[in-house]
Amino acid sequence: MTKKSILTPKTYNYEWKTADEIIANMNTTVKFPTFGIGSVAEKTGVTNPETYRKAHALWLKLKDAFNAEAKTYNPEAYDSKLGSVGKVERREVLRTRWWDELSEYDEDEYYSITSIIEVLHDHEKLETGRILFGS
């Protein structure tokens, strides 16, 4: 049995479910499933709590839309409003498409908000499948 180093950060398992939890942990060093070791603030360069609140609100809309889309999603049709590609149970969504479909925020917030969402939720298993982010 190998001894785990106390310096190895905890693996992030999509457990921050509210904006307040995300904000409280924005500087917590964790191992993200697809973004490696660091904090979400380090990975995105974003430290403004209001931007995290906006990102979380948009994430909830994206999650609902992703799950709703699964009912009629046809990977051969290439007509997803979220820009989904791939099998229904493992879809990559195109950032520009889901942003245009769901966001009410200013374009100058695009990079900050989408970066937060992608770091916190890339490869997360949702109700209808795993969500992956494409550019």
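Two strands are taken to pair if DSSP finds at least two bridges between them. Helices (H or I, at least four residues) and strands (E, at least two) are DSSP runs, numbered from the N terminus. The structure is a predicted model, in which local features need pLDDT of at least 70 and side-chain atom pairs count only at pLDDT 80 or more, whereas totals for chains, interfaces and linings use all residues. Residues are numbered from 1 along each chain as its sequence is written, and side-chain values use heavy atoms, with hydrogens and water left out.

By the pairing criterion, β3 and β4 are antiparallel and are joined by three bridges. A hairpin connects β3 to β4 through two residues, and Lys87 has Arg90 of β4 as its bridge partner. β4 pairs with β6 in the parallel sense, over five bridges; here Leu94 is partnered by Gly134 in β6. Together, four strands form an open sheet of mixed pairing, in the order β3-β4-β6-β5.

Helix α3 (residues 49-69) lies across β4 (90-94), β5 and β6, and runs at about 120 degrees to β6. Such angles run from 0 to 180 degrees between N-to-C directions, and axes are lines fitted to C-alpha atoms, for helices over the stretch in contact. Helix α4 (residues 95-102) also packs on the sheet, where α4 touches β4 and β6, and its direction makes about 70 degrees with that of β4. In β4, Arg91 and Val93 form the covered face, while Arg90, Glu92 and Leu94 form the uncovered one.

The interior was examined next. A nonpolar core is a set of buried Ala, Val, Leu, Ile, Met, Phe, Trp, Tyr and Cys residues joined through side-chain atoms within 4.5 Å. Buried denotes under 20% relative accessible area, exposed over 50%, and partly exposed the range in between (1.4 Å probe, protein chains only). The largest nonpolar core has 32 residues, and those with the most contacts inside it are Tyr52, Leu62, Trp98 and Ile117. Two or more residues of this core are given by each of α1 (19-24), β1 (30-32), α2 (40-44), α3, α4, α5 (110-121) and β6. The largest share, seven residues, comes from α3.

Contact means heavy atoms within 4.5 Å. Leaving aside neighbours within four places in sequence, Tyr52 is in contact with residues including Ile22, Met26, Val40, Val46 and Ile116.

Helices α3 and α5 pack at an angle of about 65 degrees, with their axes 9 Å apart. In this contact, Thr51, Tyr52, Lys54, Ala55, Leu58, Trp59 and Leu62 of α3 meet Ser112, Ile113, Ile116, Ile117 and His121 of α5.

Leu120 is found in helix α5 and is buried, with a relative accessible area of 2%. Residues up to four places away in sequence not being counted, Leu120 touches Tyr12, Tyr14, Trp16, Ile22, Phe32 and Val40. The C-alpha atoms of Leu120 and Trp59 are separated by 9.6 Å, the two residues being 61 residues apart along the chain.
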